Amino acid sequence: MTERLAARQVIALVTDGSTFTELPHPEGHSGPDGPLAWQGYDASRARAAERTGEEESVVCGTGAVEGTRAVLIAFEFGFLGGSLGRRTGDRLEAAYAYARTHRLPVVPLVATGGSRMQEGMLALTQLQRVAHQSALTREAGLPQIAVLRDPTTGGGWATLGAGADVILALPDAQVGFAGSRVRPPDADPAAYRAEAQMAAGAVDAVVRPVELRKVLGRWLRLLAGAGAGVGAGAGAGTRGRAGAGAGAGARPASAGTASAPVPRALGLQDLPATGWDAVKRARSPGRPRAERYLDAYFTHRVAISGDRCGGTDPDGMLSGFGEHEGRTVAYAAQTGTATRPAGYRTAARLIRLADRLGIPVLTLVDTPGAANDAEAERQGVGAAIADLFGAVASAHTPITTLLIGEGGSGGALALAAPGSTWATPDSYFSVIAPELAAAILKRGPGEVEATADQLRIRPQDLVELGVVRGVV
């Protein structure tokens, strides 16, 4: 298990030099033994203060992480188990308010056992205060990046932890809503670890302490003050005429946010002669896939993982943020396999986060279609696709789409930006796979190729139909 660090130790671990400055403490609530007159409560707090050198269970201040200034909220687990009481709530509220006033990202470094029993329901209601402050900070367009330490349980996990935009965790940290003393006796302890939470889509990355400052600093550089900037429009580097309906349905860009430039094509440069040629090219095992496009496009990138609903789709959807020509661009990229419900929900989460932060989005479309097995239906594939359609349709930040391979029906279209979609020469887009179209029309196998031509799925057909703006 990772060594359990005190609040000021973890602050020193992630901040540059002596850049941390503690924020002034709000005046606390008075009264002997707290609001419930819990006998011995004052004595417990006094012992905790003597043991830890802290006056409360959180230390709040500002500091630089790899050069990016942020508000840091570090829990001191040695002070009554890092529990939340009214004075804790006062400090958290003040820290979030300071972040909004000074336009700084918020980094909760969480290690808590939950709400403080000695203050009863007044302690529990601090979670509402924290949730409100987090919501205000989200509305202000400021990122929140949580680091989960050991342990992160109870309301602290359900607000400051799970409520963050990006969630990092230390290896083997205990993470779960239920603490170790209140779980069912037969509960699997492995399910309450950071690694299990990542596998379940609730954590973006597990980071070793020695790498934490570098990883956290990269996230802060990409998300804090990122997004807006002067860049090439979505049509840069393309050929082919725009379709007659190319501008239909296009969204206005967020003020000051330029579209992400379209990536250059990495595969074949000549256009396919027939519809079936387009299908064979897009299905070729040697065709460049999303990883190659992302590596060529970004100087560096970091990934988000999981839909926050219990699922991940690492083989079907790659999502995250990267640096392109000095600007932050968000990306959601299909990998050429059938996309699962968690993949669609993760992409929707990515687009909504980028929209709030004013960061342009690049999507890469490449899937034979949505996963259609029984498990995908049980996981709500239809609702997940609908959610992604909604995220794309409602985004104000500009979204640029490149079709790099197969565009299989609605499972592909959900990721495509109306009026801002481009295609590579080795791609196709179709309402349905040619083989399935032939089967529905009761045509034999020998008529599949002719059906592909009838569907007009080649890149140049898509331009003429106004479905895509051009071929890169």
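Trainee: Which residues touch the most other members of the largest nonpolar core?

Mentor: In soluble globular proteins, nonpolar side chains tend to be buried together. In this predicted model, the largest nonpolar core has 65 residues, and those touching the most other members are Leu216, Trp219, Phe321, Ile351 and Leu388. Helix H11, residues 341-357, supplies the largest share of this core, with 8 residues. Apart from it lies another core of 19 residues, including Leu266, Ala290, Leu402 and Ile404.

Trainee: Which residues does Trp219 touch, not counting residues up to four places away in sequence?

Mentor: With those positions left out, Trp219 is in contact with Ile145, Val166, Leu168, Val302, Ala303, Ile304 and Phe321.

Trainee: Which residues form a nonpolar patch on the surface?

Mentor: Such a patch is formed by Leu36, Trp38 and Met117, which together have about 340 Å² of accessible area. Trp38 lies in the loop between strand S1 (21-22) and helix H2 (41-52). Because its relative accessibility is 40%, Trp38 counts as partly exposed.

Trainee: How many disulfides does the structure hold?

Mentor: A disulfide is a covalent bond between the sulfur atoms of two cysteines. The structure holds 0 disulfides.

Trainee: Are Cys60 and Cys309 buried or exposed?

Mentor: Relative accessible area under 20% means buried, and over 50% means exposed. Cys60 has 6% relative accessibility and so counts as buried, whereas Cys309 has 58% and therefore counts as exposed.

How values were computed
Residues numbered from 1 in each chain as written. Predicted model: local features only at pLDDT ≥ 70, side-chain atom pairs only at ≥ 80, totals over all residues. Heavy atoms only, no water. Patch = residues over 30% accessible without salt bridge, like charges linked within 9 Å, V, L, I, M, F, W, Y side chains within 5 Å. Areas by Shrake-Rupley, 256 points an atom, 1.4 Å probe, with all protein chains shown as cover. Salt bridge = Lys/Arg side-chain N within 4 Å of Asp/Glu carboxyl O. Helix = DSSP H or I, 4+ residues; strand = E, 2+ residues; numbered from the N terminus. Buried < 20%, exposed > 50% of the residue type's maximum accessible area, 1.4 Å probe, protein only. Core = buried A, V, L, I, M, F, W, Y, C linked by side-chain atoms within 4.5 Å. Contact = heavy atoms within 4.5 Å. Disulfide = S-S within 2.5 Å.
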